[in-house]
Amino acid sequence: MFTFEPVGVIHSCFKEKFGIPRQPGLVPEARAVLELLPPYNRAEAVRGLEGFSHVWLTFVFHACFGAPWKPTVRPPRLGGNRRLGVFATRSTHRPNPIGLSALELERIEASPGRVLLHLKGVDLLDGTPVLDIKPYLPYSDSLPAATGGFADTAPAAPFEVVFGQGALDGCAGQPEMAALIRGVLAQDPRPAYYAKGDGKRDFGMKLGDFDVKWEVDGDAVRVIDIVRVGL
Ligand code: SAM
């Protein structure tokens, strides 16, 4: 058996799993801060990392820890009803709940005892424990000739996102919040089975400091209300 301890923790705009993009980079406006934990929170531990535009993070799917593994899973990408091997998909249900994401590194804040990595395009839940950070090496990690099987292209962003009358008042003065809401909802965050039938039409999700209420209207999503939580 192995014992690992996190080197850092993610403070993300995603306070719940519902709505998190299925892969990094799909919603560039999705930001997080990786805070290094003692004893790793030393500026010299990230010296030189500022020279890289992206980093690999290995992390723990802490919110689905302990779920039993199965040899096959049903990727949402295939409508959630076709089973593929657990090693052939990026499903969160894995023998070891360890994830791997390549993320854009916006900047690093480093002072004695406090090291923060500002990240963009995250697919990580708030509180995600991070096991390791590695620089992304384009000469080695970027493989333009690679083939992507059943996931050869980015998933479609099927929805046009419209904001109902007054909906934007709730996050007035925070255009990055409106861009984040638009990016997340365009991806159709509903579980795959909703995409088939009419089903439920109105939804709510927590994003950053806000509760976002929205409804599906054909191939558009209408944001109905944005309310700052905790007020
Ligand atoms: N890019 C990573 C990989 O391939 O290993 C993650 C891909 S996985 C499909 C991304 C999903 O994991 C997100 O949409 C979210 O639902 C889920 N997720 C993110 N952080 C998590 C956490 N800490 N615990 C459990 N699930 C998490």
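Predicted model: local features only at pLDDT ≥ 70, side-chain atom pairs only at ≥ 80, totals over all residues.
Residues are numbered from 1 along each chain as its sequence is written, and side-chain values use heavy atoms, with hydrogens and water left out.

**Exercise 1.** Work out in which order the strands of the closed barrel run.

- Strands here are DSSP E runs of at least two residues, numbered from the N terminus.
- Two of them pair if DSSP finds at least two bridges between them.
- Follow the pairing and you get 1-2-7-6-3-8, a closed barrel of 6 strands, paired antiparallel.
- For a spot check, take strand 3 (residues 54-60) and strand 8 (residues 129-135): 5 bridges join them.
- Within strand 8, Lys134 is the bridge partner of Trp56.

**Exercise 2.** Decide whether Gly8 is buried or exposed.

- Find Gly8 in strand 1 (residues 8-12).
- Its relative accessibility is 0%, so Gly8 counts as buried (under 20% relative accessible area, with exposed being over 50%, partly exposed in between, using a 1.4 Å probe and protein chains only).
- Now check the neighbours: leaving out residues up to four places away in sequence, Gly8 touches (heavy atoms within 4.5 Å) Leu34 and Val130, among others.
- The C-alpha atoms of Gly8 and Val130 sit 5.1 Å apart, though 122 residues separate them along the chain.

**Exercise 3.** Find which strand gives the most residues to the shell around the ligand.

- Strand 6 does, with 3 residues.

Conventions
Helix = DSSP H or I, 4+ residues; strand = E, 2+ residues; numbered from the N terminus.
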